[in-house]
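Here are my notes on the model you sent over.

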Amino acid sequence: MKRLTLFLVVLLGAYLVWTTQDLPDWGDPASPANSYLSTHYIKKAYEETSVPNLVTAVLADYRGYDTMFETVVVFCAGLAVLTILRRTKRKHKKNVKFRPQREGVDIILQNAARLMIAPMQLFALYVIAHGHHSPGGGFQGGVILGASFILLALAYDLKSTLRRFKENTVLFYSGLGVLIYAGIGVISLVLGGNFLAYAAWGGLLGISEVEAHSYGMLGVEIGVAFTVMAIMFSLYLDLASGGDLDEGL
Amino acid sequence: MNLYGSLLWQFDLLIIPMVIICAIAALTIRDLLSATVVFGAYSFLMCLLWTEMLAVDVAFTEAAVGAGVSTILMVATALHIKRKSKD
């Protein structure tokens, strides 16, 4: 049976490699992916949105719905892990069976973390704020911001980290991000545009409609960053402590 | 797929075998913690590959999520379950 499976897997793999011959060449301007809609994005995106980074323009503006529900997916994934793993006194009486033990205090690790965390958070804010001018954006910046809190929890301990960033606050931010994203969409609906059509914001902010796209994307990226940051940290909290938030790795 | 059409095919020739080795190693290593670390290395190599293909946004995401946070999350999970996998 094992040999048959191996044979089938190798056969399928060989077939897949063989089919790659039909794929278009890397960067081929005549390939289907490059010849229909993306021509419009490449030519018009800067005129329409005043955002130099095309990737962000497509993700946060042209496909704003897609990114919004991606954020909702991250939010739901975080909530699912929380629902399954989190143990409260009311929910689960039994303790975590096995917990990795921490031996002593590592001064080198703690001081290195102390030096690194502030630059990490500044860099994360830079990535979020410049998402429409350079690579990066809400997802990446949010992950780096969440990683800085994870580093704090790894180098020190979970309890002292939770005193600075309480679990309720974490959950509040994860919801706030989705609310900011959807709220920007709803307000542009109220202002007379379509859902997530940032051009409608121009009159309210006193800027041109093209610039309003850029600012709308910034707002949306901030919302994504809040959710991703909070959910990454919440995932770490529940996975590392086995759900009781007593002690981490 | 035209390997020689990319910007630096020598770089590709270096990275792609390492990606494949890391992928196979991550599947075959029995110790879950080691497999996680190898998987982090795999993510980082994929990040290099994407940078070389000028998909900088994707590479950035892979470096932050794949090589960074998801490695930590998998280490956290691996330490709470049995270290050796059966197959």
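1. Cys76(A) counts as partly exposed because its relative accessibility is 41%; the classes are buried under 20% relative accessible area, exposed over 50% and partly exposed in between, with a 1.4 Å probe and protein chains only. Searching the whole structure gives 0 disulfides over all chains, where a disulfide means a pair of cysteine sulfur atoms within 2.5 Å. Cys47(B) is likewise in no disulfide, and the nearest cysteine sulfur, that of Cys22(B), lies 13 Å away. With 9% relative accessibility, Cys47(B) counts as buried.

2. A word on conventions: this is a predicted model, in which local features need pLDDT of at least 70 and side-chain atom pairs count only at pLDDT 80 or more, while totals for chains, interfaces and linings use all residues. Residues are numbered from 1 along each chain as its sequence is written, chains are lettered from A and ligands numbered from 1 in the order in which they are written, and side-chain values use heavy atoms, leaving out hydrogens and water.

3. Now to the interface. On chain A, 27 residues are in contact with 20 residues of chain B (contact: heavy atoms within 4.5 Å). The two chains, A and B, bury about 2000 Å² between them, with 74% of it on carbon and sulfur atoms; buried area is the accessible area (1.4 Å probe) that two parts lose on being put together, summed over both. On the chain A side, Trp26(A), Gln140(A) and Leu239(A) lose the most area to chain B, together 33% of what that side buries.

4. Which elements give two or more residues to the side of chain A that touches chain B? They are α6 (107-129), α7 (138-155) and α11 (209-241) of chain A; helices here are DSSP runs (H or I, at least four residues), numbered from the N terminus. That side of chain A divides into 19 nonpolar, 7 polar and 1 charged residues.

5. How many salt bridges does the rule find across the interface of chain A and chain B? The count is 0, taking a side-chain nitrogen of Lys or Arg within 4 Å of a carboxyl oxygen of Asp or Glu.

6. Please also look at helix α4 (residues 54-62) of chain A, where Thr56(A), Ala57(A), Val58(A), Ala60(A) and Asp61(A) are buried. Their cover includes α3 (37-49), α5 (64-85), α9 (167-190) and α11 of chain A.

7. Finally, Arg3(A) sits in helix α1 (residues 2-19) of chain A and counts as exposed, at 74% relative accessibility.

Notes: Nonpolar A, V, L, I, M, F, W, Y, C, P; charged D, E, K, R; others polar.
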